[in-house]
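Keep the viewer open as you read.

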Amino acid sequence: MDIIKIIKKNSGIKKTVITTNGYHLDRIADDLNKSGLDGINISIDSLDPKTFRKITGHDRLNEILEGIKKLQKLNFKNIKVNAVLLRGVNDKEEDFKSWANFIKNNQIDFRYIELMQTGDNLDYFNQYHVSANKFTDYLNNNNWVIQTFGKDAGPSKNYINPEYKGKFGVIAPYSKDFCKSCNRLRITAKGDLRLCLFGNTGINIRHLMQRDNQTEELKDLILKQLNYKKESHYLEIGETGLTKNLSTTGG
Ligand code: SF4
């Protein structure tokens, strides 16, 4: 909470959003709302308590859902829910329908993310990867219409339906042109700049983030590094880059 408050005091940072597993959300919703946070991405891989427990090893779906309700009561906007699409686990039509029910009267963006191969998950990837087309086919067959990209759009393709308050989204990293509009740079917990989540280049910039008077030098370095940003990842040929898993990399 303190980190959010410090970031919000910095006028140079326009938008502060966190990604969380939502544990304890029911208890901290009030404080999060007061902190000035602009948005929250919550991971919920299934609305079925048994499947949720199977994936996460925890029995905590209810506290997350209660937390979301609390945030909504506090009029907190910009709630996104993400699930990783897993073959045979949460990719059935009834899973898609239960998410549709969830967002029917709920102003929440729900997004399925296609499982990506990283440096340390090859067996898991081979067992559970399923194309995001399975979900987009469902959307196309059920009157969901793709929304045009906004200026600040990330890699998610969003779908709207006038009968629903919420939106659906799909992050499909193996689809054609996925990286075409990429405007993302990342930084790891150790201060390494990553030009792409799956890139195999990136230098440490931590030493230039120590004092306010280093801003220009930091900008110069980042701008020079941008020349090395590739047009796409190379996941389709098994190149997963330097990142062993995604838990150490921020946005
Ligand atoms: S270039 Fe890398 S970071 Fe950007 S959208 Fe593609 S995979 Fe993601």
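## Two asparagines in loops

Asn143 sits in the loop between helix H7 (133-141) and strand S5, where helices (H or I, at least four residues) and strands (E, at least two) are DSSP runs, numbered from the N terminus. Its phi is near 65 degrees, a positive value in a residue other than glycine. Most residues other than glycine have a negative phi. Asn143 has 12 C-beta neighbours inside 10 Å, so it counts as exposed. The cut-offs here: a residue is buried if 20 or more other C-beta atoms lie within 10 Å of its own, exposed if 12 or fewer, and partly exposed in between, with C-beta atoms placed from the backbone.

Asn75 also has a positive phi, near 65 degrees. You'll find Asn75 in the loop between helix H4 (61-73) and strand S3 (79-85). With 7 C-beta neighbours inside 10 Å, Asn75 counts as exposed.

A word on ground rules: this is a predicted model, so local features need pLDDT of at least 70, side-chain atom pairs count only at pLDDT 80 or more, and totals for chains, interfaces and linings use all residues. Residues are numbered from 1 along each chain as its sequence is written.

## The sheet

Seven strands make an open sheet with mixed pairing, in the order S1-S2-S3-S4-S7-S6-S5; two strands pair if DSSP finds at least two bridges between them. Strand S1 (17-20) and strand S5 (145-146) are at the edges with a single partner strand each, so one side of each has no neighbour in the sheet.

Strand S7 (residues 167-171) runs antiparallel to strand S6 (residues 157-160), and three bridges join them. Lys157 has Val170 in S7 as its bridge partner, and Tyr159 has Phe168. S6 and S7 form a hairpin, with six residues between them. Strand S4 (residues 109-114) is parallel to S7 and joined to S7 by five bridges. Arg111 stands opposite Gly169 in S7.

## The chain and its domains

Overall, the chain has eight helices and nine strands. Its radius of gyration is 19 Å, close to the 18 Å that the globule rule gives for 251 residues, so the chain is as compact as a globular protein of that length. That radius is taken over C-alpha atoms, and the rule is 2.2 Å times the number of residues to the power 0.38. The C-alpha trace spans about 50 × 45 × 35 Å along its principal axes. Of the 251 residues, 21% count as buried.

There are two domains, domain 1 (2-180) and domain 2 (184-248), with bounds from an automatic or database domain assignment. Their centres, taken over C-alpha atoms, are 24 Å apart. Nine residues from domain 1 and 11 residues from domain 2 take part in the contact, which requires C-beta atoms, placed from the backbone, within 7 Å.

## Around the ligand

Which residues are around the ligand? They are Pro155, Pro173, Phe178, Cys179, Cys182, Arg184, Cys196, Leu197, Phe198, Ser232 and His233, where near means a C-beta atom, placed from the backbone, within 6 Å. By class, this shell has eight nonpolar, two polar and one charged. Ala, Val, Leu, Ile, Met, Phe, Trp, Tyr, Cys and Pro count as nonpolar, Asp, Glu, Lys and Arg as charged, and the others, Gly among them, as polar. Domain 1 and domain 2 each supply at least three residues to the shell.

Notes. Two residues are in contact if their C-beta atoms, placed from the backbone, lie within 7 Å.
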